[in-house]
Amino acid sequence: MEITVELEDYIERHSEMEPDILVQLSRDTHRKVLRPRMLSGNMQGQFLKMLCRLIGAERVLEIGTYTGYAAISMAMGMDKGILHTIDINDEIEDFTKDYIARSGFGERIIFHIGDACEIIPTLDGLFDMVFIDADKRQYSEYYKRVIDKVRSGGLIIADDVLWDGKVLDSESRDAQTKGILDFNDLVQTDARVENIMFPIRHGLMLIRKK
């Protein structure tokens, strides 16, 4: 079944409504920030929020903040606790910090600017959930750094694992596509986890640590 624009609209109308702050964030991201296609959007945001709610997440790590849509969505699904989010792009730091503050979760979301591969080892404690949505070339490195920081029964969610279908295109072997392919194979052969891939947006991998 092809997911048409009309079907996406139907899905949106039969899912929880997008909160006003995220409507504004989406609008301003499209108006003011480069590559707005990177925005998570309501369907993915609600999915992440629901996962946080279902597992009672109190410690969450996000790799790839962009303008903060997913971070705010996940914070909405947490009754308490802290969410760490990391992004390397300091050019939109002020924009993102402003929306995190306006969301009402400013005291619960810790925003790190820098290289995630360097920051992750400095974070203490175990995480209930990790969301990966950053440099596709580094997905395997992110995974290797976070797997021991996820509690037993905790989740790792990776975005863009279908990469617009390029995972099936033998001609598409650019660095980002290769990064996704290597990551997908790494997870599939890791006996420490169980995993399932969903065709949500550009593909979401749901990984549970045993």
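Reader: What is the strand order of the open sheet of seven strands?
Author: This is a predicted model, where local features need pLDDT of at least 70, side-chain atom pairs count only at pLDDT 80 or more, and totals for chains, interfaces and linings use all residues. Residues are numbered from 1 along each chain as its sequence is written, and side-chain values use heavy atoms, without hydrogens and water. Strands here are DSSP runs of E, at least two residues, and helices are runs of H or I, at least four, numbered from the N terminus. With mixed pairing, the order is S3-S2-S1-S4-S5-S7-S6.

Reader: Which are the edge strands?
Author: Two strands pair if DSSP finds at least two bridges between them. Each edge strand pairs on one side only. They are S3 (109-113) and S6 (193-198).

Reader: Which residue of S4 is the bridge partner of Leu-61?
Author: S1 (residues 59-63) runs parallel to S4, joined by four bridges. The partner of Leu-61 is Val-130.

Reader: Which residue in S5 stands opposite Ile-132?
Author: S4 and S5 (residues 150-159) pair in the parallel sense over five bridges. Phe-131 stands opposite Ile-157. Opposite Ile-132 is Ala-158.
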